Amino acid sequence: MIDGVPGPIGRLIEELGKLPTIGPKTASRLAFFLLKSPPEQVASLAAALAALNQGIVQCSKCFNYADRDPCPYCTDEERDVHTICAIEDALDLLAIERSGGYNGRYHVLEGAISPLEGIGPDDLRLNELVARVKDEGITEVVVATNATFEGDATALEIGRLLDGTGVRLTRLARGLATGGDLEYVDPATIAQALEGRREF
Amino acid sequence: MYCRRLELVDFRNFAALELDLPAGPLLVLGRNAQGKSNLLEALLALASGRGRSHRTLAELIRTVDGAPRPFARIRAEVAASDRATRLELVFALNPTEDGGPGRRASRRVVVDGKPRRASELLGQLNAVHFSPDDIDLLGGAPAERRRFLDVAISQVDRNYVRDLVDYGRVLSQRNALLRELRERDDDAAGLEFWDGKLVELGGRIVATRQQFVGALNDSGAAAYEELAGAGESLRVEYRLVGAGEDGGLPLDLLANMRTREIQRGQTMVGPHRDDLEMLVDGQPAAAFASRGQQRLVVLSLRLAEMEWLGGVAGESPVLLLDDIFSELDSEHREAVIARMPKGAQVLVTAADDAQVPETFRSDAAVLRVRAGHADREG
């Protein structure tokens, strides 16, 4: 209970404050915003929150979240069944899907190697990935971890685990952003773009 | 390049200050504890992103009756040969959980009206800062000497800045992993990646520092010989901790250290542990040089830093000389003045007018600082 605030509002502020990136000030602002909003809008939000855990399951193959298990990406036979794209979390799947540039299977690692946060290889879905590569006759693994040290460390570990399986390992190219002006790009990015240059 | 306008809000002991600065020499006069050094420190902050050594960012913010103001702000106009830039640097106290002011501060940087990353401040205004505390460069902790290298190089080398940031990130990940391996009583599982990055980034940092040290040896040694008199020599050596003579940070060295590193849960070799040694006539200056010689050594290093920055950037940096004359005899004062680059912006503080040689005084504009206020004279 927060001093001077009626019970229900205080409770809402407390709950909102548990969300990532939301501090006590933002939580209060959101709570009072909702208080002044039309009742049907608040009811709609409440219904969405209540429905969140109902009917949503984690896919036992790729660890994406969906309304059924296995998820649509794992069962769609129109997709390339011999390619897996390994990503750090489920949001990355949405980003890649939006691009329209990929049409294979996915595998959500549920994080990246980061000793600082206590995340090691055993905390990721790496063994499951290796098992899938063997069981599903996968010919290519596209490693789409983030372009960070943690993402690179994870990619290296995937390479180590899949060494000797004969599967083709690829990584997303790094380089210039679309619409980017070369003059303003940092040297590291230009160096990587040069390294990844190709014939045209 | 030079700073032609400076505006301070709640920076150190300045509540509010607006100043037009001359392109050439400026003598900053005032009694002790009036704000002369703070004025120089504001320009140092624009050049390096932080205050003098040992100073936390929060300590740059003015306090009123022991309570800190919410932020300190420095605004400046910098004129270089080919451009003019407006800079804004704010140090603001981080809020605590309940929204009140915390004890730590963070930086905000605005360049020409656009918010930028703090690292993009570097290189906008180059400066060399000399103060009597610089004597700690010899007798102080190795971190002082690494800071000297990093502040100088960062002003003209963006890649170096990025490598330092990346290196710090790799270092904390690797240290966390070493601690974890100690807990688990494990072998070296998972270290290879971080070892590789440490060697790659560390190697580049060391190579860049060694180039700078080479320049210190060229012009610093010359400056020292001129100041101290013929027959005395200054040599600066970059000391790689734990490494062989050939330099670099080889992987086998890390492999050899592995058991000890895991025991201690710490990365024990690399540029974050390296050191500089200053030798006068072949002997370590920290232990063997007289107080007077030590002053001339650090002054020579600063003069060499100035020449190097000027050479790399293509124009002379701003020279910030805090209380330089009180420590030197008249002959050495003249020698330092003779080494100041012609036409460069040079700010010199002095508490005692009588210690300022006429050769400097005759060309210099004068600024009087009194209790957080500053007025141009004449």
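**Chain A**

The model is predicted. Chain A holds 8 helices and 6 strands. Along the sequence they run α-α-α-β-β-α-β-α-β-α-β-α-β-α. The radius of gyration of chain A is 22 Å, while a compact globule of 200 residues would have one near 16 Å. Its C-alpha atoms fill a box of roughly 65 × 45 × 35 Å along the principal axes.

Of the 200 residues in chain A, 33% count as buried. Chain A exposes about 12700 Å², and carbon and sulfur atoms supply 56% of that area.

**Salt bridges**

Over all chains, the count comes to 47 salt bridges.

| Pair | N to O distance |
|---|---|
| E261(B) and R174(B) | 2.8 Å |
| R339(B) and E226(B) | 2.9 Å |
| R368(B) and E377(B) | 2.3 Å |

E261(B) is buried, at 0% relative accessibility. R174(B) is also buried, at 0%.

R339(B) lies in helix α9 and E226(B) in helix α5 of chain B, so this pair ties together parts 113 residues apart in sequence. E226(B) is partly exposed, with a relative accessible area of 44%.

R368(B) is partly exposed at 28%, and E377(B) is partly exposed at 35%. Elsewhere, salt bridges with shared partners join R162(B), D163(B), K197(B), E200(B) and R204(B) into one network.

Conventions. Residues are numbered from 1 along each chain as its sequence is written. Chains are lettered from A and ligands numbered from 1 in the order in which they are written. This is a predicted model: local features need pLDDT of at least 70, side-chain atom pairs count only at pLDDT 80 or more; totals for chains, interfaces and linings use all residues. Side-chain values use heavy atoms; hydrogens and water are left out. Helices (H or I, at least four residues) and strands (E, at least two) are DSSP runs, numbered from the N terminus. The radius of gyration is taken over C-alpha atoms; the globule rule is 2.2 Å times the number of residues to the power 0.38. Buried means under 20% relative accessible area, exposed over 50%, partly exposed in between (1.4 Å probe, protein chains only). Accessible areas come from the Shrake-Rupley method with a 1.4 Å probe; for residues, only the protein chains shown count as cover. A salt bridge is a side-chain nitrogen of Lys or Arg within 4 Å of a carboxyl oxygen of Asp or Glu.
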